[in-house]
Amino acid sequence: MRTSRAAEQALRVAILPQPQHYVCRACRAQAARQFHTSNRIHAELPFFKHLQQQLFGSKETEQAEKSREEKRERQYEELKQRGGILHEPEVKVGKNGQQYEIAALVAPSQTSSYVQAQTWDDLERIGSEKWVKARADRGEQYVGWVMLASTSGATMTDALPDSCRRSVVELSNKQWQLLLHHIVVEILVLQKAGRLPGEVCYPRKPYSNSWQHTRNADIKPSATGNGVSVSFAHAAAEKSILQAIFTPIPLAAPEDQQSLVVEVRAAVGDGRDLVAKNVSGSNIAPPWMDFSIKDPSVKMALVKRIIQLTGKRLPDPAISLSTTLADLYDHVHMKEKPKTLAEAPQMQRIQLNAPNVQVFSSRRTPIHKEMDIGRWKIIEEELVRRDLPVTGSRWPGAKAKWL
Amino acid sequence: MPLQALRTVAKSQNGVGAFILQCKRLDFHYCDWAGSSRGMNAFLKHHLPLFAAQNPSIEISVSPRRGHHPVIRGQYINGREKAICVRNMEATEVAQKVELLKTASGEKLKRERKPVRSFNESVRGVWSPFHGQQYKI
């Protein structure tokens with residue numbers, strides 16, 4: 001019987017110890033689809049009809065397609081009634097005063113000039129060579145703002161003097177903390193002045209030396225309770241930081257590679273001649289980093305500036321999951337390789353998650369075992385009372401037989 | 001006086017009604033430096049979390065033993081111990097040895113000459129010369 005055979009198989013598989021611990025999602029889905037305890041003739045749809053529907057679509061899918069089309073047309077009509085601005089892009093103003101252009105809506109059924117593409121050969125592909133050329137023909141000049149890609153592997157100190165061709169700049173923990181402090185101070189100053197945090201990526205004026213002012217700045221939780229505030233020893237410092245950043249992006253003065261390198265080198269100070277009070281050099285983030293970066297404009301400005309200066313790209317989950325600067329620091333700083341197995345993150349995690357596992361970093365001796373069951377105290381007392389050594393077996397008479 | 005049969009009391013058998021795992025503790029000893037512990041270290045990193053979660057009744061301790069081959073030592077509720085050296089084994093082979101120690105009863109291995117045996121007494125009962133057919137000489 002098919003039903004009982006399948007059930008037997010399922011039970012046998014459930015009882016057997018699994019030699020393979022990981023099965024990919026596709027295989028699991030396929031196994032779930034193919035496992036049936038009922039006979040094929042009892043299925044709601046015949047096999048070939050099911051296959052036909054999967055390939056060519058069913059009535060339900062056609063209906064869904066139709067309703068989607070209707071919805072799109074309704075949206076188009078609404079937009080037409082609202083202002084009839086179908087050919088001019090609608091503009092919305094964001095929270096920070098930024099203006100966003102909303103793409104024009106095109107109804108294929110009502111626009112006679114619209115021809116639906118059958119292949120993707122002639123479609124516009126953003127970022128392709130053709131796209132770049134088309135933009136260049138219109139007079140737009142592409143200016144890169146990230147460090148050029150090339151070799152990597154050397155450390156910050158030996159590569160910085162001629163590191164125009166480096167892709168990722170490697171920094172020590174101390175240098176990362178200094179750089180983050182420098183960027184955050186600049187962003188906070190921009191925000192305080194009512195400018196956009198994204199302007200931190202704009203080019204700097206020559207010989208501005210903002211790092212001299214940012215290094216002595218203090219980041220503290222603000223008196224109102226939400227957010228942080230930055231304070232300087234001299235009021236002129238804030239002004240000079242603001243003046244160093246161009247207000248509109250100057251087309252004539254794009255930020256070149258050399259100036260970015262100089263900026264990083266100056267901000268981290270080569271990691272040697274530092275008298276920095278906000279820097280610890282350890283893996284753990286210092287207390288001043290415990291402020292929220294939930295504001296997307298601040299977070300994106302921070303991430304963009306990190307990419308611009310160091311070439312280090314953070315993965316999307318790391319960016320979205322980081323709620324404080326300390327979280328972001330955890331993703332960028334240098335992770336030391338664990339020297340022993342007991343120090344490995346997997347073993348640390350198991351110690352926390354599994355209550356029946358104990359991980360020790362040193363050897364467990366028989367004395368430890370006696371201590372665990374509470375017998376060692378009595379043994380020790382007896383050994384002392386008989387004037388015998390408490391630990392070790394290298395003493396005269398240790399191997400003597402008791403008569 | 002009528003003869004009464006002895007009342008049979010249900011004998012507890014492990015696995016009938018309830019099952020108690022005989023293995024109570026597993027000690028894993030490894031070396032951080034030696035190559036013979038490579039498989040063992042991989043097992044501890046990648047397989048042990050799942051094994052520990054699946055067997056919460058087993059107490060597991062992981063400790064290094066410098067300059068020695070890796071060893072897994074199992075302790076059982078009958079007071080016995082079993083140790084297996086897993087030097088130069090892959091992580092999957094180590095997992096098999098761990099499974100072996102987990103399922104072992106802790107008894108000393110012995111040859112089974114009669115593989116079938118029963119704890120139930122015979123349905124015919126104990127033979128008695130005073131019952132049944134009386135033989136007359």
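Mentor: A polar contact is a pair of N or O atoms within 3.5 Å; within protein, one of the two must be able to donate a hydrogen and the other to accept it. The model is predicted, and the pair to begin with is Arg364(A) and Asp372(A), whose side chains are joined by a polar contact of 3.5 Å. These two side chains also meet in a salt bridge, at 3.5 Å from N to O. A salt bridge here requires a side-chain nitrogen of Lys or Arg within 4 Å of a carboxyl oxygen of Asp or Glu. Side chains of opposite charge can pair when their charged atoms come close.

As for its place in the chain, Arg364(A) sits in the loop that runs between strand E5 (357-359) and helix H15 (366-372) of chain A. Leaving aside residues up to four places away in sequence, Arg364(A) touches Asp372(A) and Ser63(B).

The next pair is Arg72(A) and Glu69(A), a salt bridge in which the closest N and O atoms are 2.9 Å apart. Both residues belong to helix H4 (residues 59-82) of chain A, and they are 3 residues apart, about one turn of the helix. Arg72(A) is partly exposed, at 36% relative accessibility. Glu69(A) is likewise partly exposed, with a relative accessible area of 25%.

In chain B, Glu81(B) pairs with Arg73(B), and the closest N and O atoms of this salt bridge are 3.7 Å apart. Glu81(B) counts as partly exposed, with a relative accessible area of 42%, and Arg73(B) is partly exposed as well, with 23%. Elsewhere, salt bridges that share partners link Glu382(A), Arg385(A) and Arg386(A) into one network. Over all chains the count of salt bridges is 14.

Chain B, which holds the Glu81(B) pair, has 2 helices and 4 strands. From the N terminus on, the order of its elements is β-α-β-β-β-α. Of its 137 residues, 31% count as buried. Taking contacts in chain B between residues at least 6 apart in sequence, 69% join residues at least 24 apart. The chain exposes about 10,700 Å², of which carbon and sulfur atoms supply 54%.

The surface also has a patch of another kind. Phe47(A), Phe48(A), Leu51(A), Leu55(A) and Phe56(A) make up a nonpolar surface patch, with about 600 Å² of accessible area together. Phe47(A) is part of helix H3 (residues 47-56) of chain A. With a relative accessible area of 40%, Phe47(A) is partly exposed.

On confidence, chain A has a mean pLDDT of 78, and 78% of its residues reach 70 or more.

Note on methods: Residues numbered from 1 in each chain as written. Chains lettered and ligands numbered in written order. Predicted model: local features only at pLDDT ≥ 70, side-chain atom pairs only at ≥ 80, totals over all residues. Heavy atoms only, no water. Patch = residues over 30% accessible without salt bridge, like charges linked within 9 Å, V, L, I, M, F, W, Y side chains within 5 Å. Areas by Shrake-Rupley, 256 points an atom, 1.4 Å probe, with all protein chains shown as cover. Buried < 20%, exposed > 50% of the residue type's maximum accessible area, 1.4 Å probe, protein only. Contact = heavy atoms within 4.5 Å. pLDDT = per-residue confidence, 0-100.
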